[in-house]
Amino acid sequence: MDERQLRVLREVGELGSVTAAAEAMLVTPSAISQQLRLLQRSIRVPLTERDGRRVVLTPAGRALAAAAADVESALARARQVVDDFAEQPDAVVSVSAFHSAAAAFFPSLLLVGDGPRVSLHDEDVAQDEFPPLTREYDVVLAHRMDHAAAWPRTVAATPLLHEPLDVAVPVGHRLASKPSLAPRDVAGEPWITVHDGFPLMATIEAIGAAANQRLELVHRVNEFTVVAELVAAGAGLALIPRWTARSHPGVVLVPMRGVHVRRHIDALHRPERTARRAVRTTLANLRAAAATIRTASA
């Protein structure tokens, strides 16, 4: 039995006929009869009987109809509890982010004041591992390069930033004064890059392909603050995000030409999570923070 079948039984009992119940529920009499038949299959005693040309409830049917009222009341209370939860403006929203996005966006989420209480987590993973994180967190800040595959349709994506990545060069390096760099300018230099499987690796490979030379990858580090320290120390060149990575006094960022070097930063979430007001507010706060980041970097 289900809620609709119980409601049909209750209406037939209160209104006295299938026809009256159909009119009240704005359906056809045959639809009412079908629901009664489906309900009867799950009950071992008759629920209805013929009274002339009418179908009326048996004593068992009247008892179940009375219980149906209690079921409807309980379900109404349950729906109200869910609605209250969904509309809580200060509910906890769990947010995960890869490291540079966490540094750029988390402080803004904490400074909002009134609104959702955010629970913050760091998750720096390969691109195909971001969507599964939406099972664990309400919102997942993820990144992918322009040439990478789009996010799967199992998750919803709120675009935040379309961020350029520049070549990080030590201050005083022969390339630091150039207005832009081509792949052939950097191909002979040692490189600091991310681990295999992370979005940036494909771009590193594209730079080598454009220069017709395999790049020398000397260090594998995912955290951009550490990368900046290594670049400043002369350990090699690297690609660093223009807007979300912290600036370093010993590092100059030079734009790359000849290879498209941009990444998308998106807020991933399961579509049903936006039924909660607090999640919708958090996504709006992330969009506002992204606008501030773009404006400050303009």
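## Exercises on a predicted model

Helix 5 (99-110) and strand 5 (139-145) each contribute at least two residues to the lining of the largest cavity. The structure is a predicted model, and the exercises below refer to it.

**Exercise 1.** Determine how many cavities of 30 Å³ or more the model holds, and describe the lining of the largest cavity by residue class.

*Solution.* 
- Step 1. The volume of the largest cavity is about 130 Å³. It is lined by 14 residues, of which His143, Val194, Asn222, Phe224 and Arg263 are the closest to its centre.
- Step 2. By class, the lining of the largest cavity comprises 8 nonpolar, 4 polar and 2 charged residues.

**Exercise 2.** State where Leu26 is placed and decide whether Leu26 is buried or exposed.

*Solution.* 
- Step 1. Most residues other than glycine have a negative phi.
- Step 2. Leu26 is not a glycine, yet its phi is positive, at about 60°.
- Step 3. Leu26 lies in the loop between helix 2 (18-25) and helix 3 (29-41).
- Step 4. Exposed means over 50% relative accessible area. Leu26 has 76% relative accessibility and therefore counts as exposed.

**Exercise 3.** Carry out the analysis for Asn212: what is its phi, and is Asn212 buried or exposed?

*Solution.* 
- Step 1. Asn212, although not a glycine, has a positive phi of about 60°.
- Step 2. The loop between helix 7 (200-211) and strand 8 (216-220) contains Asn212.
- Step 3. The relative accessible area of Asn212 is 74%, so Asn212 is exposed.

Methods
Residues are numbered from 1 along each chain as its sequence is written. This is a predicted model: local features need pLDDT of at least 70, side-chain atom pairs count only at pLDDT 80 or more; totals for chains, interfaces and linings use all residues. Side-chain values use heavy atoms; hydrogens and water are left out. On a 1 Å grid over the protein atoms alone, a cavity is a set of points where a 1.4 Å probe fits but cannot get out, and a pocket is an open set with protein on both sides within 12 Å along at least five of seven lines; lining residues have an atom within 4 Å of a point. Grid points are joined across faces, edges and corners, and a volume is the space filled by probe spheres set on the points. Helices (H or I, at least four residues) and strands (E, at least two) are DSSP runs, numbered from the N terminus. Ala, Val, Leu, Ile, Met, Phe, Trp, Tyr, Cys and Pro count as nonpolar, Asp, Glu, Lys and Arg as charged, and the others, Gly among them, as polar. Buried means under 20% relative accessible area, exposed over 50%, partly exposed in between (1.4 Å probe, protein chains only).
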